[in-house]
Amino acid sequence: MTQTVPDPTTRQRGDDVNRYLKALALVAVLGVVATACRSDGGGGGGGDEDLQRGGIMRLSMISDVEDAFDPQKEYYQVSWGLYRCCMLRTLVSYAGAAGEDGGNDLVPDLAESLPQVSDDGLTWTFTLRDGITFGPPYADQEIVAGDFINAMEREADPDVGAGYPFYYSVIEGFDEYSAGEADTISGMTAIDDKTLEITLTGPFADLGFRMAMPAAAPIPDGAADGHEEDYGRFLVPSGPYMFEGSDALEPGGTTPVSGYQPGQSIVLVRNPSWDASTDEIRPAYVDRFEIEIGGTDEDIFNKIDAGELDLHLDGVPPAQLIRKFQQNPDREDQVFVNSADGTRYLAFNLAAPPFDDIHVRKASNFVLDRDGMRRIRGGELVGELARHIIPESLIGDKLVDYDPYNAGTGDVEAAMEEMRQSKYDTDGDGLCDAPACKGVIGAQDEAFPYSDQNALLLDNFSSIGIELDIKSGERSNFMYARCQDPGSEWAICLGPGWGKDYSDATTFGEPLFGSAAIGPDACCNYSLVGAAPDLLADFKYDITEVPGVDAKLKECDEAPVSDERLQCWADVDTELMENVVPWVPYLWDNDVFVVSDRLLNYRYDQFSGQPAMDHMALADAGAEA
Amino acid sequence: MGRYLIRRTLFLLLVLFIVSMLTFLIFLKLPPGDPARRAAGRRSTARIIELARHNLGLDRPWYVQYARFAKGLIPLPGFFLNEQVYFSYDNFVPVKEEIFDRIPVTATLAAGGAVAWLLLGIPIGIASATKPRSLRDRLGMLFALIGVSAPVFWLGQLFLFVFWFKLGVAPSSGLDIGDTLMESVLSGEFVMPWIVLSLTYAAFYARMVRGNMIETLSEDYIRTARAKGLSERRVVYKHGLRAALTPVATLFGLDLGLLLGGAVITETVFNLPGLGQYAIKSLQVADFPAVMGVTIFAAFFVVVANLFVDVVYAFLDPRVRYT
């Protein structure tokens, strides 16, 4: 999706932010008016009067959520989709729509409007709506400004082990609180119950996006006390839905909610405290969501085909099922394809031979048959061949003509030409022939489609003399664990993917290429871009330095929201692709979902990359209600 | 008999000691790296890692560590799968709680499967043994060959595809959310898992019963029974089968004990939330206290089942009490 871009003349950074926010506010107001005109008269988000309320939607997930639904920890799109649509409201949020329909634009949620920003871009003021309360077991307790401070303090708490605290280091005092040097986050002040003031360390124009993430959802005083590890099972809802059994929770109790059985099932029911008239974003048609965890992809998609399940949240539909649906006029509208704003890639360990040589990395970029990789995943439907790192939608299409490695079926000749410049091609024949070229360890995801891609990878790399030794295992606890740990033996990570956290290229910056994102307890600079010499020495690498882009990342993070910012990130991308080469990006993902025939009004939530369950209804809702 | 029981019990304790020591070494001592970090999981904080270190006794001598670990095998409250060692830092719940929550599903699957394989395997074995090399014998052994050869994961997928997806005569995989276990059983959600689970065992038992019965029916006392004019039915069932079933009883106890540790493949294919599925999920997320707990639990059941079978065998065949 293309960002809103103001006229790029010289102006103060605060003015840029205000102009950007005013544009968003106009979009938000227009959006609210438009949806109000379509109101079904009975719920939030306007809604469609042809859609019935009620019914039970049946869904499936192969894998459980990552951190037992703890909002400060969960860094997983499925969890984020459930938070946004259903369980947690934030100061600002998203409408649950595709990017081209405004799905990346911020809209007010618990705040009555988009924030006021000072001229210098350092002070953001949010004014809360009146009369919005939490759900059980804090039902009827009004949400106040201090509740957002509770959430940020928990995000900063090292005992919690939060998923993405680095996004909130821009708040003054956040890092000091995290380090135990302060009792409060100095940059967050509840002026009164309705007014929250946030002071930043710099003019970071994307704070709104950061406050729309689930970690910023309010927490009542004391609700998370003693639940550093398991708050998710005692989650206090603010959205239209809650875990079944939340009404039986005791504040401060130790018996977790019954509606979430780890590894088995998730059941969401209506939150009785949710007031539809305060929520323009979420129509919330369905009465109940039943999500079963486990099973196999084949069985689950057969169930969708048979109408026993409505939606599969974390699976890749098999190509033959997609074809079956698309070739049937009665079923072709059950397949939905949306750009996911994400990139699939191979990540090099810049410190591990032979990929410590930039020419080997470039040769690998030339040789990979990206079209073949895509074909294995399901063909053109699953995405566009990636020519560089950051999806075009996040950099304003600045690099549409940029293709440094001829992304396609692979160019062996160009790869060999590049390899000849490498120290690992000792005889100049275009093949990697040093001992380091044999038994090169690759960490891979054992599940489909990655397992099917291995043969292609072995073939492609062998054509430039690199003999891969692929070690496969479970995605999170083997592949990602290995790729994130500089001390584990691996040279290339073969199965990762990255999606934006919000609609700004900064989410492709620091987390992936910042030196602070290196290490087994950090996320997710697998390639060790910018690793310090002492870190390399600690992990016993022979190489003493690797290229870094920290300075450039900081420059872009602080750039005003404008064409200048987009260009800055485009420059980061080209710098990485040409002078660092940490990856072989091969696919800009599409999200493909196949749904049952009783599911109506399918919407794609561009923010989380998940179906917007708050907008969907059931054809037989009346029968089940 | 008393001395026999004492001998078998001491042997059980020895086996439990060896199992616990091996498991302790495999999980805690032999792998490289920090076991506390492994136990705490990938995203754990320093606080959780230290908590795991303290609970596992990793800050104490090795024999203290082992003692805490082995305590989990003693079937007494506060000891069996104690929370100190067997605690899942992945979901932050005691492993015992998860195991006991899932045992009913596994027990239902195992019990039903056991009844099915006995009802299928024994009659086929008898039918084959009483008319060796006949058509029914060959059909029976063909069934046995298929049952033994066909992997459970393949059979399960085939059954789901044919009987549920194509013919619509059986429920799909998984248990309906919100249903009690009894409701799930009564709605037929266990029927296909029972059948799939039982086929391999039924095949094996059919072959074993056939072999034992052919041998038994050729004994002198059987010839004597026939010579005395007893009916063939009486000869086969009262005299022949009883002796042929003795080794079957031994094996049945062991198989059931093993199954109570989790029918891993069947539970995974049919998405049944039992012990086997828990073991797989724990392995996938590297929740090794949970894996340890399931291992110890399964080992305990197998060893106890073994003892039970030995006792039953001693009643069936008094000669074994003196060996």
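User: How many helices and strands are there in chain B?
Analyst: Chain B of this predicted model has 14 helices and two strands.

User: What makes a run count as a helix here, and which helices of domain 1 of chain B touch domain 2 of chain B with two or more residues?
Analyst: A helix needs at least four residues in a DSSP run. The elements in question are α1 (2–29) and α2 (35–40) of chain B.

User: Why are residues of the two domains said to be in contact?
Analyst: Two residues are in contact if their C-beta atoms lie within 7 Å. By that cut-off, 15 residues from domain 1 of chain B and 13 residues from domain 2 of chain B take part, so the two domains touch. On the side of domain 1, α1(B) gives the largest share, 10 residues.

User: What classes of residue make up that side of domain 1 of chain B?
Analyst: The side of domain 1 that touches domain 2 has nine nonpolar, four polar and two charged residues.

User: What share of the residues of chain B count as buried, and why are they called that?
Analyst: The share is 41% of the 323 residues of chain B.

How values were computed
Residues are numbered from 1 along each chain as its sequence is written. Chains are lettered from A and ligands numbered from 1 in the order in which they are written. This is a predicted model: local features need pLDDT of at least 70, side-chain atom pairs count only at pLDDT 80 or more; totals for chains, interfaces and linings use all residues. Ala, Val, Leu, Ile, Met, Phe, Trp, Tyr, Cys and Pro count as nonpolar, Asp, Glu, Lys and Arg as charged, and the others, Gly among them, as polar. A residue is buried if 20 or more other C-beta atoms lie within 10 Å of its own, exposed if 12 or fewer, and partly exposed in between; C-beta atoms are placed from the backbone.
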